[in-house]
Amino acid sequence: SNDVRARNLELLKTAFLENNHRRFYPNAYHDTRPVMNMLKDAFVKMFEPVNDTLRFGFKEIRILYPETLEQLTTLFPNAYIIFNFRDPVKQWLSNKNFKHLSESNDLGLFLEKYHWISNVFMDYHEKAGNSYVVSNEILFDREKLRSFFNMLEVGEFDESLIGKVVSTKAE
């Protein structure tokens, strides 16, 4: 029942908050690293691209709440969260081709969702020390991208991908 599920979820949460993992039967051992690694792997798997596109990190446009970003930071404390915003006009043109989305045929709904997601990211960015906001135009400028990656202390990367459009429905 929902009551049992709610009590179990509360017990699980309390076990992690108190670092007492023997209170929750499935985690009845002290070393939680294997469980955390499995959770991280599951989380990363959830955000994998649906095609064979190679990505640096992951692309996720469905993050609708700041709690998701906070959980990402908890799971990956050394990660940078980069908000790579696309020109809203190009985003709209691309979005119109995804007929299964409610905002695909309604500019007002699209703008409302774009505004909502932008606010979630910007609010997080103002509070967090691990995030950056960039325009996707940086992906087409070799010097700006090199500078940005140097700032992030990213080593070598395949510069032949700079300016390459992998997949878009905007055209």
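Here is a short briefing on the fold, the nonpolar cores and one backbone detail of this chain. The model is predicted. Its chain of 171 residues has 25% of them counted as buried, and six helices and two strands make up its secondary structure.

**Overall layout**
- Reading from the N terminus, the order of elements is α-α-α-β-α-α-β-α.
- Take the contacts between residues at least 6 apart in sequence: 50% of these join residues at least 24 apart.
- The accessible surface of the chain is about 12,700 Å², and carbon and sulfur atoms account for 55% of that surface.

**Nonpolar cores**
- The largest nonpolar core contains 13 residues, and those with the most contacts inside it are I63, L69, L72, I81, F83, F121 and Y124.
- At least two residues of this core come from each of α3 (66-75), β1 (81-85) and α5 (107-127).
- The top contributor is α5, which gives four residues to this core.
- A further core of seven residues lies apart from the largest one, and its members include V134, I138, F148 and I162.
- Leaving aside residues up to four places away in sequence, I81 touches L69, L72, T73, Y124, N130, S131 and Y132.

**A backbone detail at E153**
- You will find E153 in the segment that follows α6 (142-152).
- Phi of E153 is near 60 degrees, a positive value in a residue other than glycine.
- For comparison, most residues other than glycine have a negative phi.
- With a relative accessible area of 71%, E153 is exposed, because the cut-off for that term is over 50%.

Key
Residues numbered from 1 in each chain as written. Predicted model: local features only at pLDDT ≥ 70, side-chain atom pairs only at ≥ 80, totals over all residues. Heavy atoms only, no water. Buried < 20%, exposed > 50% of the residue type's maximum accessible area, 1.4 Å probe, protein only. Contact = heavy atoms within 4.5 Å. Areas by Shrake-Rupley, 256 points an atom, 1.4 Å probe, with all protein chains shown as cover. Core = buried A, V, L, I, M, F, W, Y, C linked by side-chain atoms within 4.5 Å.
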